[in-house]
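Here's a quick briefing for anyone opening this one up for the first time.

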Amino acid sequence: MNPPQLRKRTSRILDAIANLCLAVAGVLLVFLIAIFGWLVFGRYVLNNTPTWVEQASLLLVVYVTCLGAAAGVRGNTHLSIDFVREGMPEPFRTIFRYIADLFIVTFGAFMAYQGWGLVMTNLERAIPMIRLSESWRAAPLVICGGLIVFFAVANIVSRLSGNDSDEGN
């Protein structure tokens, strides 16, 4: 397989992983809306508030946010303040793109590392009302931190190989 075909195949795999992140986040968002609907129905129609909804929704929001952030790194739609970089001459602009990618790699690695610490220290604690381990709240930090590192490194490799298609980053 020649290098352009390998780059194209790799890009498709990375895009598929990012799309899977978005699909899972979308399903979880629909579930989040549904359980809030159940909360309103239970509170105002049945006069019996389901107390587990708050804890479940907090858990779901963490997953939706982290999965969306990881996909945002792949699509270069993450938060970026680039007016200073884009106002510079081309050699400096390229250097600042690499610096930004290195910051993202560092952030993702820190997120995964600290998330792993939270997973390991909270294995025995249960989330009130839903009786899952508190580690479930920290697991998306590990998963998505790893994905952020993976996607940012892929962006760096892509840029180094001459495929600078992410002008928005």
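Which residue forms a salt bridge with Asp-101? It's Arg-159, and the closest N and O atoms of the pair sit 2.3 Å apart. Keep in mind that this is a predicted model.

**Salt bridges**

- Side chains of opposite charge can pair when their charged atoms come close.
- The count here comes to seven salt bridges.
- Glu-134 meets Arg-125 in a salt bridge at 3.9 Å, N to O.
- Glu-134 also meets Arg-137 in a salt bridge, this time at 2.9 Å, N to O.
- With a relative accessible area of 12%, Glu-134 counts as buried.
- Then there's a network of salt bridges, which links Glu-86, Glu-90, Arg-93 and Arg-97.

**Cysteines**

- How many disulfides does the structure hold? The number is zero.
- Cys-66 is in no disulfide: the nearest cysteine sulfur belongs to Cys-144, 4.8 Å away, while a disulfide needs the two sulfur atoms within 2.5 Å.
- Cys-144 is in no disulfide either, and its nearest cysteine sulfur is that of Cys-66.
- Buried or exposed? Cys-66 counts as buried at 8% relative accessibility, and Cys-144 is buried with a relative accessible area of 1%.

Notes
Residues numbered from 1 in each chain as written. Predicted model: local features only at pLDDT ≥ 70, side-chain atom pairs only at ≥ 80, totals over all residues. Heavy atoms only, no water. Buried < 20%, exposed > 50% of the residue type's maximum accessible area, 1.4 Å probe, protein only. Salt bridge = Lys/Arg side-chain N within 4 Å of Asp/Glu carboxyl O.
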